[in-house]
Amino acid sequence: MNKILAGLLFGLILGAIDGATAWFYPETHSMIGGILVGSSIKGMLVGLLSGWFAHKVQSTKWGIALGATLGLLFAFLVVLMQHEHYLAIMMPGFVTGAIIGFLTQRTGAPSLAAKREA
Amino acid sequence: MDLNDAVIDHLRQVAALPDLTGTRYELESEIGRGGMGVVYAARDRQLDRRVALKVLDSALAGEAQLIAHLEHPAIVPIYETGVLPDGRAFYAMKLVAGARLDQHLAGAPSLGERLRVLRRVGEALAFAHARGVIHRDIKPQNVMVGEFGEVYLMDWGVEAVAGTPAFRAPDDRLSQLSDVYGLGALLRFMLPASAPPALRAIADKAMRADPAVRYPDAPRLLADIERFQEGLAVEAWSEPLWHRLRRFASRNAVLLWLLAAYAGVKFLLFFLRNL
């Protein structure tokens, strides 16, 4: 499978799962649909960029680092829109990004140049 | 001079040395004895280099012709064949500087290094089998590990050699499957006491008394070793569930740590919120 496609897929699934955990907080029940969609899009963006990076560079360590950074960055952008729940959004976003970064490194075919460098 | 025992012994030794008159080689010392002849270190005067010279007990030079057809990085190349004035055949080959496998193992190399050596031996065997040649006498003394890690499978068998008892297959007729048995015996010899059960099972499968239930060829045995090295299940061993889980955990350790970190973060946030 193409790494970028794999990144989009993992981002969608993990983003949706991360968003779904908001269900444990009763005050979010009324807006769970929006959280799910937003979190899925955030995951897909992280997956897209991580997948593109994984296609170019074959390194699990750097894949995890980039995924975590992107996850943290996009989670921060979400927090900026509402100015609350900093920890509750950014910490899981950071770890989810790391998982997406790892998975994009481990699945799909890298470019020939990345294979040669590895 | 008196002919005491020491002088007689010396004369016997000198008389046993091959007469290299008429060849381009100068004898240096004996380096080993096999079932079919003696191997000496010698100097090639023409090219000014050291070579290994195998002098066969008979006039048969089939062994040299056999090896000369096998050009492989793990098979010692033959430089020249010839006949000594006494009628015995000889052949000159590359002199490998290094240690025999049994000596190499005395340095307690890592499991990875042991498997690397075995795989090189297996590759040489697979290559020879593909050309219809069988080794017949796989044993640690016939494997050399060079100074730079190169591996050579030596002493390719001729009809008269039937193998070394501990490494010899109990087959009525020697075939490629007998070499598979020998490779399994070599693997068992090379494994340290703490070797994983999967590797022992590979050696056991290769050494089954019934050739029909051994690995059908050397590449299949090597593939199983490769599967072990990649953390996958091996053909030779139906592993228990706990072992399968442990292997899964070790293969996916990073992912499991990341998932645990995610669960930890979620739990911590939930806990802090309810304080």
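Reply: Two residues are in contact if their C-beta atoms, placed from the backbone, lie within 7 Å. Of the contacts in chain A between residues at least 6 apart in sequence, 74% join residues at least 24 apart. The model is predicted, so local features need pLDDT of at least 70 and side-chain atom pairs pLDDT 80 or more, while totals for chains, interfaces and linings use all residues. Residues are numbered from 1 along each chain as its sequence is written, and chains are lettered from A and ligands numbered from 1 in the order written.

Chain A has 5 helices and 0 strands (DSSP runs numbered from the N terminus: H or I of at least four residues for helices, E of at least two for strands).

The part to look at is a pair of these helices. In chain A, the axes of helix α1 (residues 3-20) and helix α2 (residues 32-56) come within 6 Å and cross at roughly 150 degrees. Axes are lines fitted to C-alpha atoms over the stretch in contact, with angles from 0 to 180 degrees between N-to-C directions. The crossing angle therefore makes α1(A) roughly antiparallel to α2(A), a term for angles over 145 degrees. The contact of α1(A) with α2(A) has 15 nonpolar, 12 polar and 3 charged residues (nonpolar: Ala, Val, Leu, Ile, Met, Phe, Trp, Tyr, Cys and Pro; charged: Asp, Glu, Lys and Arg; polar: the others, Gly among them).

Around this pair, the C-alpha atoms of chain A fill a box of roughly 50 × 20 × 20 Å along the principal axes. Buried residues make up 44% of the 118 residues in chain A, buried meaning 20 or more other C-beta atoms within 10 Å of a residue's own, placed from the backbone.

Conventions: Buried ≥ 20, exposed ≤ 12 C-beta atoms within 10 Å, placed from the backbone. Parallel < 35°, antiparallel > 145°, perpendicular 65-115°, else oblique.
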